[in-house]
Amino acid sequence: MQFNITDSSFENNEAVKNGGAIANGDIIKDNKGGKLVIDNTSFNNNSATDDLSNGGAIFNYGGTLELKNGSSFESNSANSGGAIANFDADVSVDDTTFTSNTASLYGGAIYNISNTDLNIEKSAF
């Protein structure tokens, strides 16, 4: 299954545990997400608020994540992965900007855990 998000914006969203704006998959129930493609989309002021939260804007578990064409992440926050938390999935980041994202523990911009590929091209942090 593939989920495409194009020319959109996610602002001021909040989740207690994972993925302030988007949760692709559920690590607790071991339900892996599908392919998530983010194209020219902005994520601003999203947060995951619990002390064990992951992915202020996006939490991705088991589904391929692709970010491209001028997507941006600004002022998102979580315990780990201020903008993005990724578990057990490959991630491709191309022409994407990360600004002022924060994490209490790991990865102000991106927290990537597991033996997977993380490819970044033409992006700014």
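Leaving aside its neighbours within four places in sequence, which residues is Asn76 in contact with? Select Asn76 and let's find out. Contact here means heavy atoms within 4.5 Å, and the list includes Phe43, Asn44, Gly56, Gly82, Ser100 and Thr102.

A quick note before moving on: this is a predicted model, where local features need pLDDT of at least 70, side-chain atom pairs count only at pLDDT 80 or more, and totals for chains, interfaces and linings use all residues. Residues are numbered from 1 along each chain as its sequence is written, and side-chain values use heavy atoms, with hydrogens and water left out.

Stay on Asn76: it sits in the loop between strand 11 (71-74) and strand 12 (77-80). (Strands are DSSP runs of E, at least two residues, numbered from the N terminus.) Asn76 is buried, at a relative accessible area of 0%; buried means under 20% relative accessible area, with a 1.4 Å probe and protein chains only. Its side chain reaches the backbone oxygen of Phe43 at 3.1 Å.

(Rings of Phe, Tyr and Trp, its six-membered ring, pair if their centres lie within 6.5 Å; planes under 30 degrees apart are stacked, over 60 edge-to-face, the rest tilted.) Phe10 is in strand 2 and Phe43 in strand 7, so the pair ties together parts 33 residues apart in sequence.

Notes
Helices (H or I, at least four residues) and strands (E, at least two) are DSSP runs, numbered from the N terminus. Buried means under 20% relative accessible area, exposed over 50%, partly exposed in between (1.4 Å probe, protein chains only). A polar contact is a pair of N or O atoms within 3.5 Å; within protein, one must be able to donate a hydrogen and the other to accept it, and residues adjacent in sequence count only if both atoms are side-chain atoms.
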